[in-house]
Every structure is written in structure tokens, then in C-alpha cells.
Amino acid sequence: MDISAILEDIREHWHVYATMPFIAALIGYITKRVAIEMMFRPLEFVGIKPFLGWQGVIPANSRRMATTAVDLLTKNLVDPQEIFSRLDPEEMVKELEEPLLKAVEDVTREVMEQYQPRLWELLPTRAQRMLVDQVRAQAPKVVARLMREVSTNIDEVLDVNEMLINSMVRDKSLTCRLIKEVATPELRFIARSGIWFGFVIGLIQFVAWALTKQPLIMPIFGFVTGFVTDWLALKMIFYPREPRRFLFFSWQGMFQKRRQAVAKDYGALIADEVLTVRNVMEAVLTGPKSDKLFAMITREVQRTIDAQASIAKPLVALTVGGVQYQEMKRAAAEKAIAYLPETVKHVESYATDALDVRNTIVTKMQQLTPLEFEGILRPAFQQDEWKLIAVGAVIGGLVGELQVLLLLH
């Protein structure tokens with residue numbers, strides 16, 4: 001080995017050698033940025049299936065990601081039964097009072113005008129008012145009873161897991177935000193770590209090229225830079241799970257170290273965009289178990305009509321026991337259900353405060369084990385992280401080959 005010849009070459013081509021660690025640092029940064037973007041973009045597949053193309057890792061696996069996140073949520077953070085038991089039926093009725101009474105009056109008038117139009121017109125205004133007032137007086141009690149039944153048997157009318165998974169799969173950007181916004185510092189660290197790791201590897205590349213002048217050195221080191229820096233960055237996010245000490249140094253996986261901030265961000269996202277009162281109401285009214293809720297409402301409406309039938313005996317005498325009376329009860333129930341979506345909007349603010357999803361999640365997340373806590377973000381990387389590492393390695397190798405062409409030509 002001729003040291004003087006090597007030093008002479010370095011002196012002659014110092015500008016080429018000087019760029020090596022900086023180019024390696026650039027490779028490290030670029031491969032990280034590409035890997036991060038490939039996690040989230042594009043939301044839909046772009047290319048020609050199944051031969052060529054790409055879809056962001058998280059959007060492509062949105063159902064798996066959502067299922068994993070929801071399992072964690074419902075097993076460790078939110079107990080639907082406990083959450084919905086916080087709704088006070090009496091307070092709900094108070095919040096609903098104005099729209100509820102208006103809906104009851106409209107339903108009563110519409111049903112009577114439909115099934116007994118002549119008799120309804122013949123009744124004195126006072127008698128009409130008496131009938132409507134009697135039904136209105138019973139409505140709050142019926143709704144409170146119904147609310148108690150629903151809140152104590154929430155599983156019968158709401159499939160929480162299905163609701164959460166469907167809302168996240170339907171909106172792939174939401175699933176991406178759950179990862180991206182919660183893990184912003186970690187993603188930033190991945191990108192920046194590529195610079196430092198790449199620079200160090202570039203210094204080794206500097207020595208290897210000076211000693212060998214082998215064209216393969218550059219693409220190999222580019223490949224290694226992309227591969228190793230991606231792998232190291234991902235590992236450093238999660239490991240070690242518990243703080244480790246060595247002499248005066250202490251270190252821990254970034255995600256674990258940020259537990260308190262992660263809990264706040266995650267709780268806010270779930271409360272504001274996933275487990276919202278609006279989403280719950282939509283799932284209750286349109287989900288696979290909605291028929292059970294409508295059956296409860298139908299039963300309560302018909303029971304109320306039967307209880308109030310004796311108040312207007314001249315009216316009931318013409319219909320009680322007949323087919324038309326049964327149809328009238330069914331129509332009243334159907335109209336009550338039709339008013340439901342508009343009516344329940346009035347309790348959204350109260351229900352959001354009462355459920356207190358955000359603080360519940362933050363508190364419960366603080367109680368998770370490190371392994372359980374890791375499960376919030378880890379599934380986004382674990383199964384497909386090899387793809388991201390491989391892409392980083394390939395890009396690094398290509399940039400290394402470009403370096404060779406520049407050095408030799």
C-alpha cells in the first residue's frame with residue numbers, strides 16, 4: 001500500500017473526496033424523506049395492478065391499521081359501557097326538551113290527520129290541544145326510559161368496533177393523520193438522523209475509495225447508507241422501551257420518552273375526529289344494530305299511544321282493536337324515528353362533554369405498559385417497514401452509482 005500515492009490522490013482530487021460525506025448525508029436524508037412519504041402517499045393506488053405501481057403503506061393497509069388501532073382503543077383505553085353510562089337521561093331530556101316536544105306535537109297531528117282526518121277536524125280545538133298535551137307530557141318520561149335502556153345495553157344498539165373501523169377505512173386520510181400527527185417528532189427525527197448517519201458512513205466511504213478505487217465501492221456504500229440509516233432510525237424510535245443508563249448517559253426510544261405528549265395528541269385526535277358524538281349517532285341510526293334501537297323506539301311509542309288512548313274515548317272507539325289503529329301506531333313510530341336524526345343534534349354539545357373521551361384516553365394511556373404503548377404507532381411500521389428500508393437502500397445504491405460516474409468521467 002503506497003500511502004504517499006494515496007495522499008497525493010486525495011490532494012489532487014480533494015474536492016471530490018470532500019463531497020463524499022456530504023453526499024452520503026444527502027443520500028441519508030433523501031432516502032428517509034422518500035420512505036416517510038411512501039408511508040402516507042398516495043392515498044389510492046397509482047400504477048398498473050398488479051405489475052407496477054404504489055399506494056402508501058398506511059392507506060394500502062388501512063383496514064388492518066384501523067383494526068389494530070381500534071383493538072387497542074376498546075381493549076385498553078375506552079370501555080363503551082362505562083363511557084356511555086356517563087350520559088344522564090334526565091339531562092339528555094332537558095337538552096332535548098324544545099325539539100322533542102315540537103317533534104311530538106308534529107307527529108301527533110300528522111298521524112291523526114292521516115288516519116282520522118274528518119274526526120280530527122270535528123274535534124274542538126280544546127280537545128285537540130288536550131290530546132297533544134297529554135302525549136307531550138308523556139314524551140320526556142318515555143325518552144328518559146329509552147335512554148336508560150340504551151345506555152345500560154349500549155352493545156345491543158351500537159357496534160363500537162365496527163363504527164370506528166368503518167370511519168377510519170372510509171377516510172384513509174384520517175388513518176394517516178392518526179399516525180402522522182401523533183408521530184410528527186419521530187418522523188422528523190427519522191429524516192434528520194439520515195444526515196448524521198449518512199455523514200459518518202460517508203467518512204468510511206472516503207477511506208474505502210482512497211484505498212481501493214473500486215467502482216463498486218460507491219453504490220455499495222450508497223446501498224448500505226440507505227439500508228442502515230433507515231433501519232437504525234426506525235429502531236431508535238421504539239427501543240429501548242425502558243430508560244437505559246451507561247455511565248453518565250441515559251437513553252430511551254423517542255416514542256416511549258414522549259408518552260405524555262403522545263397521549264394528549266392521540267386523545268385529542270380520537271375525541272375530535274374518530275369517537276365523536278356525531279359518528280356515534282350516525283352509527284346508532286344507520287349501523288348494523290340500528291334495527292334494535294328502532295324496535296325499542298317503536299315499542300315505547302306504541303306503548304304510549306295505548307296508555308293515552310283512553311283520554312280521547314270518542315276518537316279511540318272508532319279505531320281501537322281495528323287494523324287501522326295498529327297501522328296508526330306503526331305510522332306514529334315511523335314518524336318518530338324519522339324525526340330522530342334532526343332531534344338528537346341538539347344534545348351533541350352536552351354528550352361530548354359528558355362522554356369526556358379525550359381525558360379518558362389520556363388517563364388510560366398513561367397506565368399502559370411500554371409494549372402496549374408501542375402498539376399505538378408500531379403497527380404502522382412493523383409489517384411493511386422492510387419495504388421502506390429496501391426503497392432507501394435502492395435509492396442509496398443508485399445515488400452511489402451516480403457518484404462513480406461523476407468521479408470517473
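The legends below describe close-up views of a predicted model.

Residue numbers start from 1 along each chain as its sequence is written, and side-chain values use heavy atoms, with hydrogens and water left out. In this predicted model, local features need pLDDT of at least 70 and side-chain atom pairs count only at pLDDT 80 or more, while totals for chains, interfaces and linings use all residues.

**Figure 1. Overview of the protein.**
The secondary structure comes to 24 helices and four strands; these are DSSP runs numbered from the N terminus, helices being H or I with at least four residues and strands being E with at least two. Of the 409 residues, 46% count as buried, where buried means under 20% relative accessible area, exposed means over 50%, and partly exposed lies in between (1.4 Å probe, protein chains only). Among contacts between residues at least 6 apart in sequence, 80% join residues at least 24 apart; a contact means heavy atoms within 4.5 Å.

**Figure 2. The aromatic pair of Phe 22 and Phe 199.**
Two aromatic pairs are found in a search of the whole structure. Rings of Phe, Tyr and Trp (its six-membered ring) pair if their centres lie within 6.5 Å; planes under 30 degrees apart count as stacked, over 60 as edge-to-face and the rest as tilted. Phe 22 and Phe 199 form an edge-to-face pair, at 5.4 Å centre to centre and with 75 degrees between the planes. Phe 22 belongs to helix H2 (residues 14-40) and Phe 199 to helix H12 (residues 184-212), so the pair ties together parts that are 177 residues apart in sequence. Phe 22 is exposed, at 55% relative accessible area, and Phe 199 is partly exposed, at 27%.

**Figure 3. Charged side chains over the rings of Phe 40 and Phe 373.**
A charge sits over a ring if NZ of Lys or CZ of Arg is within 6 Å of the ring centre and within 35 degrees of the ring normal. Lys 180 lies over the face of Phe 40, at 5.1 Å from the ring centre. Over the face of Phe 373 lies Arg 259, at 4.5 Å from the ring centre.

Gln 256 is buried, with a relative accessibility of 5%. Leaving aside residues up to four places away in sequence, Gln 256 touches Ile 237, Phe 238, Pro 240, Arg 241, Pro 370, Phe 373 and Glu 374. One of these, Phe 373, is the residue whose ring face lies under Arg 259.

**Figure 4. The loop between H2 and strand S1 (46-48), with Leu 43.**
Pro 42 also lies in this loop, and a cis peptide bond with omega of about -10 degrees joins Arg 41 to Pro 42. Leu 43 is partly exposed, at 35% relative accessibility. Not counting residues up to four places away in sequence, Leu 43 touches Gln 55, Pro 59, Lys 172, Ser 173 and Cys 176.
The C-alpha atoms of Leu 43 and Ser 62 are separated by 9.8 Å, with the two residues 19 apart along the chain. Ser 62 lies in helix H4 (residues 62-77) and is buried, at 6% relative accessibility. With residues up to four places away in sequence again excluded, Ser 62 touches Val 169 and Lys 172.

**Figure 5. Packing of H12 against helix H13 (residues 217-238).**
Two packed helices are described by the angle between their axes and the distance between the axes. Axes are lines fitted to C-alpha atoms, for helices over the stretch in contact, and angles run from 0 to 180 degrees between N-to-C directions. The axes of H12 and H13 come within 8 Å and cross at roughly 150 degrees. This makes H12 roughly antiparallel to H13; angles under 35 degrees count as roughly parallel, over 145 as roughly antiparallel, 65 to 115 as roughly perpendicular and the rest as oblique. H12 passes H13 in a right-handed crossing; a crossing is left-handed if the near helix is turned anticlockwise from the far one by less than a right angle, and right-handed if clockwise.

**Figure 6. Packing of helix H10 (residues 160-170) against helix H16 (residues 277-286).**
The two axes come within 10 Å and cross at roughly 110 degrees, which makes H10 roughly perpendicular to H16. The contact is made by Met 163, Ser 167 and Arg 170 of H10 and by Asn 279, Val 280, Glu 282 and Ala 283 of H16. The crossing of H10 past H16 is right-handed.
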